Amino acid sequence: MKKISIIIFSILLLFSGVVSAQSLETKERTEENRYGIPKRFETGEKQIYRALMTPYIDETLKVYDFTPLLSVEEEQELREDIQNKFSKEDYEVVIVTIPDLDSRSPREYAEDFYDYNHFNPNGILLLISLESRDVYIVTSGYGQILFDQSRTEAMIEKITPSLSSGRYFDAMKLFLNEVESFTEKGPAKAMKSCKIINSYGDYRCKKQVPIFWIVPISFLISFVVTYLCARKYKKILLADDADTYLEKEKLKLGGKIDSFMYSSTSRVRLSTSTSGSGGSHHGSSGASHGGSGGKF
C-alpha cells in the first residue's frame, strides 16, 4: 500500500511539473523578428549569438519556471502577487528558474534573459539555477538605482536559507516582499541624486557635498586666519592719544595718504559638476546592470 501511494504521488508530481513546463511556450528567434532583440540594442554577431542561446518568451508572464520547481498553483500565485504589487510601478519584476546555465555565468544568463526579451528597460530579475546551486539578482535601468548593490546583497542573504532547504516557493515570496519593501522606501540615500541618462540604462549621480563637514572646516579656517593675523600684529598697543603715532619732524600738512595695513580675500567656487555614469558592468547587449549573487 505504501509503495502504491509513493508511485501515485510521483506520477502526480511529474504531471504537475509537465503542466507547469508546458505553460512556458517559447517563441522562435528569426532574422525577420530581429532574433527577438529589442530595438534599443544592436544586432551584431555577439548579440545574435547570445540571443539565440536565450529562451524567447512571453514577457507578460513574469514567472518562468523552466526547471520546474513550482506547482501550477504556486506559479500562478506568484504571478498574481507580481500583478497586484507592481503593476503600477514603472519597472519589471521577473523570476526565472533553469536546470543549468548553458555555459554562462549566473550573471551573464540573468542579464541575457532580461535584455533579449521585451521587458521594461527598468527592472529586477531573480534567477535560480538548480544544477549549479546558483542564485543571482540582476537589476536594469532604474532598478540599479532603486535596488542598489547593498539591497540586492540583502535580498540574497534573506532568501538563501529557504533555497538551501528546498523551499523555493517561500524564497520567491520573500524576494517579492523585499522588492515591495524597498520600493516603499524609495532609493537609498546614496542613490537619491542618480538619474538614468540613456536607453542602455547608464546612470549619473550628482556629486554630493558632505554638509556636516562645512561648519567645522569653516570654523578651523577662520581660527587659523585670525590667529596668524593676531600673531603678525601683536606689537600694536593701545595709545591714549594721537601724538603717540606722530613723527613730528616729518609731519607735512596738506598731503593725503591712504594706507591699508593688510587685505584678505577668500573665494569659494560653486560646483555643479556630476560624477561618472554607469552601472557596475555592461551585459553582452550593451545594457548597464547591477546585481548580486551567491550559492545555496
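A residue counts as buried here when its relative accessible area is under 20%. In this predicted model, that criterion picks out ten positions of helix 7 by name: Tyr 168, Phe 169, Ala 171, Met 172, Phe 175, Leu 176, Glu 178, Val 179, Phe 182 and Thr 183 are buried.

**Helix 7**

- Helix 7 covers residues 168–185, and at 1.5 Å a residue its 18 residues should span 26 Å, which agrees with the 26 Å that separates its end C-alpha atoms.
- The buried residues of helix 7 are covered by elements that include helix 3 (72–86), helix 5 (142–146) and helix 6 (149–164), together with strand 2 (92–98), strand 3 (123–129) and strand 4 (134–140).
- Just after helix 7 comes Gly 186, whose phi is positive, at about 80 degrees.

**Second largest pocket**

- The second largest pocket holds about 170 Å³ of space, and its lining is made up of 13 residues, of which Lys 62, Ile 82, Gln 83, Ser 87 and Glu 92 lie nearest the centre.
- Helix 3 and strand 2 each contribute at least two residues to the lining of this second largest pocket, with helix 3 giving the largest share, four residues.
- By residue class, the lining of the second largest pocket consists of five charged, four polar and four nonpolar residues.

**Disulfide**

- The model has one disulfide, formed by Cys 194 and Cys 205, whose sulfur atoms are 1.9 Å apart.
- Cys 194 belongs to strand 5 (residues 194–196) and Cys 205 to strand 6 (residues 203–206), so the pair ties together parts that are eleven residues apart in sequence.
- The link of Cys 194 and Cys 205 is right-handed, with 100 degrees about the S-S bond, and both Cys 194 and Cys 205 are buried.

**Asn 122**

- Asn 122 is found in the loop between helix 4 (106–115) and strand 3, and because its relative accessibility is 15%, Asn 122 counts as buried.
- Leaving aside residues up to four places away in sequence, Asn 122 touches Asp 90, Tyr 91, Glu 92, Tyr 114, Ser 140, Gly 141, Tyr 142 and Gly 143; one of these, Glu 92, is also among the residues that lie nearest the centre of the second largest pocket.
- Although Asn 122 and Thr 139 are 17 residues apart in sequence, their C-alpha atoms are 7.7 Å apart in space.

Terms used: Residues are numbered from 1 along each chain as its sequence is written. This is a predicted model: local features need pLDDT of at least 70, side-chain atom pairs count only at pLDDT 80 or more; totals for chains, interfaces and linings use all residues. Side-chain values use heavy atoms; hydrogens and water are left out. The expected span of a helix is 1.5 Å times one less than its number of residues. Buried means under 20% relative accessible area, exposed over 50%, partly exposed in between (1.4 Å probe, protein chains only). Contact means heavy atoms within 4.5 Å. On a 1 Å grid over the protein atoms alone, a cavity is a set of points where a 1.4 Å probe fits but cannot get out, and a pocket is an open set with protein on both sides within 12 Å along at least five of seven lines; lining residues have an atom within 4 Å of a point. Grid points are joined across faces, edges and corners, and a volume is the space filled by probe spheres set on the points. Ala, Val, Leu, Ile, Met, Phe, Trp, Tyr, Cys and Pro count as nonpolar, Asp, Glu, Lys and Arg as charged, and the others, Gly among them, as polar. A disulfide is a pair of cysteine sulfur atoms within 2.5 Å.
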